[in-house]
Amino acid sequence: MNAMPDSDELHPDAVPFDMPQVEARIAELAKLKPLDYERCREDAAKEMGIRVSFLDKVVKEAHGDPDADGADPFEDVEPSADPVDGAALLDELQNTILRFCVLPDHSAPLMAAWVLHAWAHESFDISPVLGIVSPEKRCGKTTALSVISALTPRAMHAVNISASVLFRVIEKYKPTVLVDEADTFLDADKNGDLRGMLNGGHNRSSAYVWRSVGDDHEPRRFKVWAPKAVAMIGSLPDTLEDRALVVRLRRKRDGETVERFRSDRVDKFLPLRQRAARWAKDNALTLANADPLVPDALHDRAQDNARCICAIADAAGGHWPQTVRAALVGMCRDVEDDEPQSAGVLLLRDVREIFEAKGGSWIGSADLVAALCALEDSPWSEWRRGISISPRGVAKLLKPYGVTPQRTTQQRYYRRADFDDAFDRYLSDGSGISVTSDTSVTPSASVTEKSNKNKGDDTYDINDTYSGADGYKGHGDTWAGEI
């Protein structure tokens, strides 16, 4: 039986029983049917001088409820008795994953290193999500997640989970969170809290949520710091993908064979988990103090994601420092090749192409729209419900990048030099642009601008007031319609 409750658990109006009386009363309450207990719990708590929430807790424990506080549904692994060679361990983890999964290039070594990251999680400040995605069903997402579950510590495999359950489970049990079928419920409108927790759990310093708890609704901070893997059909939400190592699965071809994973035989992987536990324990200090070199080819967030993976590879030794860094660069390039660009970046890319093709240091707003709509494989000619993008639409997309049109009395135009900063920051593919800027050259005020009319009878007057054929209206910087 628990010791007497602390003073903050006492009911404010009661005279507490002595310990034998408390034990006897709790034993009586534990024998009651749920409905009978519900009817008397408040009076019993007042009678014994304890809060109702505390009474519920100790009655659960006395009742032997398997879900009572203190019951742990997860396995604690005893580390291997002998020291472990890190390179050989990573080799075996990779080979085990490949026994059951058909994977794209670069994925297997990173998945193996991510498994060790889960074991050594407390040594790091950044925890990349392992994202497992596929374009269609039957590509092996659940199998891949099941294999990861068999290799990681305290694995919690869930096909659905609420935000309120997630942060409580992480706070209490410190599991490896493995979320399957995320495409069915990871919706920004319906499950924004859950996405926020998955995003926030990426960085130890911000991996917390605040909630009110108990009868008095006291504020309490809960941790969401845990290794997490998410599997789904389609693409991860942009903010989550930015924090993830993304494995893009494909359906098996004829001739590609792997073993069928048997979930009833996960005990066979216990020796591997024990070796991983021992290696993580022996290398905890080394990993916590590591400041590994990460590939310059990765962007800033990808470098953050890579840091713990590179630290693990360096500590393991052998071929792994080179193998992991090559895989990180290869995976990053694969993601960037497949990554859909935002409308703004797409527009910057096409504007750069137009300046490169036409030369010159400026271009009129209407001429830019015409050139954009003439580009092959671009969306601008049918940008909004089959109607071409308008000069106002171009200006609205460019404004967040610090690019705005210049004005004369008769037309608006864009200077090539005004795009330099945006091109350097957002089109970082190394291709550059060969057009020479000359900020001293501006269009003459006498140049007659082409008609401002665009498809769909979109018109613009001297005050920049838009009146679209589809009913949208706006004025200047207060534009509120679709682009």
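# Helix packing, sheet and burial in a predicted model

Me: How do helix H14 and helix H15 pack?
Reply: H14 (residues 343-358) packs against H15 (residues 365-374) at an angle of about 105 degrees, and their axes are 10 Å apart. That makes H14 roughly perpendicular to H15, a label used for 65 to 115 degrees, with under 35 degrees counted as roughly parallel, over 145 as roughly antiparallel and the rest as oblique. Axes are lines fitted to C-alpha atoms, for helices over the stretch in contact, and angles run from 0 to 180 degrees between N-to-C directions.

Me: Which residues make the contact?
Reply: From H14 they are Leu-347, Asp-350, Val-351, Ile-354 and Lys-358, and from H15 Leu-368, Ala-371 and Leu-372. Contact means heavy atoms within 4.5 Å. By class there are six nonpolar, no polar and two charged residues. Ala, Val, Leu, Ile, Met, Phe, Trp, Tyr, Cys and Pro count as nonpolar, Asp, Glu, Lys and Arg as charged, and the others, Gly among them, as polar.

Me: What kind of model is this, and how is it numbered?
Reply: It is a predicted model, in which local features need pLDDT of at least 70 and side-chain atom pairs count only at pLDDT 80 or more, while totals for chains, interfaces and linings use all residues. Residues are numbered from 1 along each chain as its sequence is written, and side-chain values use heavy atoms, with hydrogens and water left out.

Me: Back to H14. Is Glu-353 buried, exposed or partly exposed?
Reply: Glu-353, which lies in H14, is partly exposed, with a relative accessible area of 40%. Buried means under 20% relative accessible area, exposed over 50%, and partly exposed in between (1.4 Å probe, protein chains only).

Me: How far is Glu-353 from Leu-372?
Reply: Their C-alpha atoms are separated by 9.5 Å, and the two residues are 19 apart along the chain.

Me: New topic. What is the strand order in the open sheet?
Reply: Its five strands run S2-S3-S6-S1-S7, with parallel pairing. S2 (155-158) and S7 (244-248) are at the edges with a single partner strand each, so one side of each has no neighbour in the sheet. Two strands pair if DSSP finds at least two bridges between them. Helices (H or I, at least four residues) and strands (E, at least two) are DSSP runs, numbered from the N terminus.

Me: How many bridges link S1 and S7?
Reply: Five, in the parallel sense, with S1 covering residues 129-134. Ile-132 stands opposite Val-247, and Val-129 has Ala-244 as its bridge partner.

Me: S7 is an edge strand. How many of its residues are buried?
Reply: Four of the five, so S7 is largely enclosed by the rest of the structure.

Me: And helix H6? How many of its residues are buried?
Reply: Eight of the 11 residues in H6 (residues 141-151) are buried, so that helix is also largely enclosed by the rest of the structure. Among them are Lys-141, Ser-146 and Leu-151.

Me: What do S4 and S5 form?
Reply: A hairpin with four residues between the strands, where Gly-214 in the turn has a positive phi of about 75 degrees. S4 (residues 208-213) and S5 (residues 218-223) pair in the antiparallel sense over six bridges, and Ser-212 stands opposite Pro-219.

Me: How many helices and strands in the chain?
Reply: The protein chain has 17 helices and 13 strands, and buried residues make up 46% of its 483 residues.
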